[in-house]
Amino acid sequence: MTGRTPEDEPVAASPPPGEGPRRSGLRDPQRAVRGLGAGTLGLEALVLLLAIQPIRVVGGDLGGAAIAAVAALAVAAIVLAGMMRRPWAWHAGTALQGLLMLAGLLHWSLFALGVIFALVWAYALHVRRVILG
């Protein structure tokens, strides 16, 4: 016991009204958020490319058109990951999640991956909103 009371504890100062949003503590919040978006899309591309063979072998009918669609979605995710500096890239990433769920019409497992990555993308958008305001 140190004999200190809760009143002795320092209180975190909040910014004065009208001084702007609360700082995140990051040196470059824009860069951190871009890295989160790019990392999410890069991971999605990797998972899509690695999922082709198991889906084809175990899942049954994954034809040439479905494989081409998965490869195209992976390439789009890689391109968007490199373009995260552009504000529209976040909207395009959201559309990409919808397209992946739509690819579920080709194979059910693509819909499952679409739902998983849509949830991950929603979390990334939430973190972006919290950090950047």
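Modeller: Accessible areas are computed by the Shrake-Rupley method with a 1.4 Å probe, and for residues only the protein chains shown count as cover. For this chain the accessible surface comes to about 8,900 Å², and 66% of that surface belongs to carbon and sulfur atoms. This is a predicted model, in which local features need pLDDT of at least 70 and side-chain atom pairs count only at pLDDT 80 or more, while totals for chains, interfaces and linings use all residues. Residues are numbered from 1 along each chain as its sequence is written, and side-chain values use heavy atoms, leaving out hydrogens and water.

Colleague: What is the mean pLDDT of the chain?

Modeller: pLDDT is the predictor's confidence in each residue, from 0 to 100. Where pLDDT is low, the predicted coordinates should not be read in detail. Here the mean for the chain is 84, and 80% of the residues reach 70 or more. Confidence is lowest in α1, with a mean of 91, and highest in α3, at 96.

Colleague: How many helices and strands does the secondary structure of the chain come to?

Modeller: Helices (H or I, at least four residues) and strands (E, at least two) are DSSP runs, numbered from the N terminus. This chain has four helices and zero strands, in the order α-α-α-α along the sequence.

Colleague: Which residues of the chain account for the contacts with a separation of 6 or more?

Modeller: A contact means heavy atoms within 4.5 Å. Among the contacts with a separation of 6 or more, 67% are between residues 24 or more positions apart.

Colleague: What should helix α3 span?

Modeller: The expected span is 1.5 Å times one less than the number of residues. Helix α3 (residues 88-102) has 15 residues and should span 21 Å, which agrees with the 21 Å between its end C-alpha atoms. Helix α4, with 25 residues, reaches 36 Å from first C-alpha to last, close to the 36 Å expected. After α4 comes Gly133, with a positive phi near 85 degrees.

Colleague: Which residues in α3 are buried?

Modeller: Buried means under 20% relative accessible area, exposed over 50%, and partly exposed in between (1.4 Å probe, protein chains only). Of the 133 residues of the chain, 27% count as buried. In α3 the buried residues are Ala89, Trp90, Gly93, Leu96, Gln97 and Leu100. Seen down the axis of α3, they fall within an arc of 105 degrees (taken from the directions from the helix axis to the C-beta atoms), so they line one face of the helix. The face turned away from that buried side carries the exposed residues His91 and Leu102.

Colleague: What do the buried residues of α3 pack against?

Modeller: They pack against α1 (29-58), α2 (64-82) and α4 (108-132). In α4, the buried residues include Leu113, Phe117, Trp121 and Ala124, and what covers the buried residues of α4 includes α1, α2 and α3.

Colleague: Is Gln97 buried or exposed?

Modeller: Gln97, in helix α3, is buried, with a relative accessible area of 3%. Leaving aside residues up to four places away in sequence, Gln97 touches Leu41, Glu44, Phe117, Ala118 and Trp121.

Colleague: Which residues does Thr40 touch?

Modeller: Thr40 lies in helix α1 and counts as buried at 9% relative accessibility. Not counting residues up to four places away in sequence, Thr40 touches Phe117, Val120, Trp121 and Ala124.
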